[in-house]
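Thanks for coming. I have one structure to go through today, so let me put the sequence and the model on the screen.

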Amino acid sequence: MGLFLVESSLSSIVSTKQEADQKAAELQTKLGEKEASLIELQVSKDFSRSFFIIEATDKEIASSVLQEAGITIELIKDVRLVGDELEKVKQQKDVVNYLVEWNLPEDLTMDQYLARKKKNSVHYEEVPEVAFARTYVCEDMSKCLCFYDAPDEAAVKRAREAVKTPIDSITEILG
């Protein structure tokens with residue numbers, strides 16, 4: 001089984017958190033019928049961006065279920081979970097309210113990324129009001145998505161500065 005990041009917009013499909021949760025439950029049922037699973041769905045506060053993490057045997061399963069549900073796919077990539085255990089993420093007990101995207105440098109390898117992350121992650125302690133949750137790194141090393149629980153965007157920026165890691169965009173996630 002692989003993990004796939006699917007980016008889309010749900011703004012024309014849902015307009016409340018309750019509707020987003022209902023859509024996620026529907027998708028989970030449909031994915032389950034294909035022996036796949038919706039690991040998580042994070043949606044921006046304005047519903048303009050959504051980030052699905054799907055566990056499936058291939059991209060086609062992930063994309064077909066979303067397309068059948070009327071969801072337009074903007075991006076789909078193989079990803080690797082870093083900084084957390086998949087079983088813990090599946091339980092969906094942690095709170096995340098910010099997502100940071102970083103477009104990785106072209107010459108950065110996965111091994112270099114992981115070594116950098118291990119070396120710099122200790123510096124999160126310098127910003128105790130921010131809790132790092134997890135990262136999904138695209139296997140093609142094009143970008144990564146880092147999830148945080150933080151009081152505000154400024155705190156997320158301080159945390160990223162502490163770990164010496166750039167920000168290409170910050171998205172506030174539905175609570």
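How many bridges join strand 5 to strand 8, and do they run parallel or antiparallel? Four bridges join them, and the two strands run antiparallel. Before I go further, please keep in mind that this is a predicted model.

Stay with that pair for a moment. Glu101 stands opposite Ser169 in strand 8. Strand 5 is also paired with strand 7, again antiparallel, and there the number of bridges is six. In that pairing, Tyr98 has Tyr148 of strand 7 as its bridge partner. Five of the six residues of strand 5 are buried, so strand 5 is largely enclosed by the rest of the structure.

Next, a residue in strand 8. Thr171 lies in this strand, which covers residues 169-172. Is Thr171 buried or exposed? With a relative accessible area of 7%, Thr171 is buried, because the cut-off for buried is under 20%. Leaving aside residues up to four places away in sequence, Thr171 touches Ser44, Arg49, Phe51, Asn97, Tyr98, Leu99 and Glu101. Take two of those. Leu99 is 72 residues away along the chain, yet its C-alpha atom and that of Thr171 are separated by 5.1 Å. With Arg49, the side chain of Thr171 makes a polar contact of 3.5 Å.

Now helix 4, residues 110-120. Met110, Tyr113, Lys117 and Asn120 are buried there. They sit on the same side of helix 4, because the arc they cover around the axis is only 110°. As a reminder, an α-helix has 3.6 residues a turn, so residues three or four places apart point the same way. On the other side of helix 4, Asp111, Lys118 and Lys119 are exposed. What covers the buried residues? The cover includes strand 4 (73-82), strand 5 (98-103), strand 6 (131-138) and strand 7 (143-149).

Last, the cysteines. Cys138 counts as buried, at 1% relative accessibility. For Cys146, the closest cysteine sulfur is also in Cys144, at 4.1 Å.

Methods:
Residues numbered from 1 in each chain as written. Predicted model: local features only at pLDDT ≥ 70, side-chain atom pairs only at ≥ 80, totals over all residues. Heavy atoms only, no water. Buried < 20%, exposed > 50% of the residue type's maximum accessible area, 1.4 Å probe, protein only. Contact = heavy atoms within 4.5 Å. Polar contact = N/O pair within 3.5 Å; in protein donor to acceptor, adjacent residues only side chain to side chain. Arc of directions from axis to C-beta. Pairing = 2+ DSSP bridges. Disulfide = S-S within 2.5 Å.
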